[in-house]
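I opened my notebook to look up how the parts of this model touch each other.

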Amino acid sequence: MIEVLSSTALATVQDLGRFGALGWGVSHSGAMDRLALAAGNILLGNDDNSAAVEIPIFPFRVRFHHACNIVLTGADHLARLDDQPLQPWLVAPVQAGQVLTVERGGSSRWQASRVYLCVAGGIDVPLALGSRSTQLRGQFGGYQGRTLQQGDRLPVGVASDVHCPAGMGVVPPALSMPLMVEGTQAIRVLWAAEYEAFTDHSCAEFWAKNWKITSQSDRYGYRLAGPMIESKVPLELRSHGIVPGVIQVPHGGQPIIQMRDAQPSGGYPKIGTVIDADLWRLGQVQIGSSVRFVEVSWPEAVKALQDVTDWLEEVRRMVALGRTAQKGAGHDQ
Amino acid sequence: MAHDPVISMLGTTALLLEAHGDTTLATQQKIWSLSAQVCSWPEVLEAVPGMNNLMVCFRKPPLDPQPLITRLCDAWRIVQPMAVEGRTIELPVVYGGEAGPHMADVMAHTGLDAQQIAEIHSAPLYPVYALGSHPGYCYLGGMDHRIATPRRKTPVLKIPGGAVSIGGFQTGVSASDGPSGWNTIGSTSMSFFDVTKQPPTLLQPGDSIRFRIERVVG
Amino acid sequence: MTNDQAALVAGWLAATDIALLELNGPDGQWLIRNEGGKTTLTISSTRPALAVSASHSGVFLTHHPLQNHCLVQPETVVKQGQIVGLLQAGVLLLPVVAPHDGVFVHYLSADRSLVGYATPLFELRPL
């Protein structure tokens, strides 16, 4: 059991998401950085889809009431176990009673926003409509359907008997698969249905300019600030299904990117869709920083998703090798 | 011979099939029917009816989406409408005042007063065309076009559950607190979603809502 | 004298006005400085430093891939099992740990250098 000590808002329990419930108006939810969650779970011998705590705001503090293995994936902020520094992306054994603190800061080579606290056995909250992800709008799933609060006691599942060597880790995908344009985080985008309904000038600006992630950005959506995006004629669409990644442009002319908690339907015109393969990058972009959109074709988008799948499979294969190597080296702990 | 639907991609996650013509119950019944059909296709993760449209989510994005698109269009051409014998629920609504903070915008756009808007809004029996937006939210068909009002320039960050609102030619009732780009004209109280029930939603496509004027403020 | 005993002595010293205490034993020297109740303990071992070698091949990292500073600074005390470096093989990181408590002297292999089995990686002076 893990006890939440900090009063920081907005940390939630997330797995990879809730699928098959869009028809009831229930969005996907799930980790904003799915690669961080899946890689953390692979390192701990969990199912890829095991639930973890997504931490977007610091400081965050928890006490472990039983011994277990953990790994912090996602963003690299200042973490320590009691008074010992804790390295991100490396498995760490935790003793009963130890306190984990994650504070904002550090001089990471990757400036990112969300830390995932992955635990061997996973956060064992009840399944709701097939997922442990928190559905904030519907107030169900996760831990009591809400963000974590001081005093919450998170149940931890039974760890698999897979060997979990202390210190074994994975090179974060932001380093293995960087994507930058002129020093700015690049995000690949496919045209959406109304792309050609926007003025040529607006479309050109959309690709050429930096887009700032404003403070009105969260798990529901990122509101962007940049040049005005104008349609040739006012558009009023009928409500239709949308997915995380869809970039809507309301009449105000400033785009909104739908993120994991976004509603599953909408009616604002869509200029593009962030490809599924890059949603994890976008999920880690810090408020106040900027992104640049890069136009891709359908085959490129499918290939990019295959690259992500391949990366995860490579992590799975190498971690399995690493377990064997560490056993042989007698570094077993 | 019906027009071919318009197909567009939603990233590599899904595609959207949009039917031609007005949003009518007859078209909507075809949408429900096609939705039920494609859900059984092996490459489809889920299909989600919208207003005059259907979103089809892939299990895995196809290398070439064209064969699936062709199959969808072929299926659309011959699909038979799915008639649903739904049930009707009545919702008492307080129109205007604090319960309807955007009533003034709808009045300004339509040139009607609050009483007229309430009467026009509560006159039809609204079939549930689709669910979406948030858990338990129903998109309703058959709103009188005289009270159609464009969506707001910028979405409102929080409107309360029970809010009755107009977005373009559509109307609906919020099932829980949350952001919305629609114009809230009134309020009702009803629980539309219970995660412990199967299905978890109070209403399904094919059911109907009747709004009853409880009071008009302003 | 052990490190734990020296730490205990350092605690006592804080309550006194003794500014410097030097303790010498067969295996090392403990230097305790007391500045107005705030004590610092410096441990220097006289036992010979031992080289710790790679148990696998890989790219040796003296820092975490996300960080610019070394995992351990020279002349600091490390505990048994503490991560001193990493060996990278593709996406995998394997820890290089202190085999016992000691003073980390310095790295013997350069950061990002390709090392093989038994390549000396760092020097550790036992306490």
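**Entry 1: polar contacts between chains A and B**

I began with the count of polar contacts, and found 21 residue pairs between chain A and chain B, both residues at pLDDT 80 or more. I noted at once that the model is predicted.

I then asked which elements of chain A give two or more residues to the side that touches chain B. They are β14 (184-191), β17 (240-241), β20 (265-266), β21 (270-274) and α5 (298-328) of chain A. α5(A) gives the most to that side, with five residues. Sorted by class, the side of chain A that touches chain B has 24 nonpolar, 18 polar and six charged residues.

**Entry 2: salt bridges and area, A with B**

How many salt bridges cross the interface of chain A and chain B? I found zero.

Next I looked up the contact itself. In it, 48 residues of chain A meet 59 residues of chain B. Chain A and chain B bury about 4,000 Å² between them, and carbon and sulfur atoms account for 59% of it. Which residues of chain A lose the most area to chain B? They are Trp24(A), Arg137(A) and Trp298(A). Together these residues make up 21% of what the chain A side buries.

**Entry 3: the other chains**

I checked the pairs of chains. Two pairs are in contact, and chains A and B share the most contacts. Chain B and chain C have no contact joining them. Their closest C-alpha atoms lie 25 Å apart. A contact needs heavy atoms within 4.5 Å.

**Entry 4: inside chain A**

The contact between them takes 30 residues from domain 1 of chain A and 16 residues from domain 2 of chain A. The area buried between domain 1 and domain 2 of chain A is about 1,800 Å², with 51% from carbon and sulfur atoms.

How many salt bridges cross the interface of domain 1 and domain 2 of chain A? The rule finds one. I also looked up a salt bridge of Glu54(A), which pairs with Arg219(A). Their closest N and O atoms are 2.8 Å apart.

On the domain 1 side, β2 (12-14), α1 (34-43) and α2 (173-176) of chain A each supply at least two residues. By class, that side has twelve nonpolar, twelve polar and six charged residues.

Conventions. Residues numbered from 1 in each chain as written. Chains lettered and ligands numbered in written order. Predicted model: local features only at pLDDT ≥ 70, side-chain atom pairs only at ≥ 80, totals over all residues. Heavy atoms only, no water. Buried area = accessible area lost by both parts, 1.4 Å probe. Salt bridge = Lys/Arg side-chain N within 4 Å of Asp/Glu carboxyl O. Helix = DSSP H or I, 4+ residues; strand = E, 2+ residues; numbered from the N terminus. Nonpolar A, V, L, I, M, F, W, Y, C, P; charged D, E, K, R; others polar. Polar contact = N/O pair within 3.5 Å; in protein donor to acceptor, adjacent residues only side chain to side chain.
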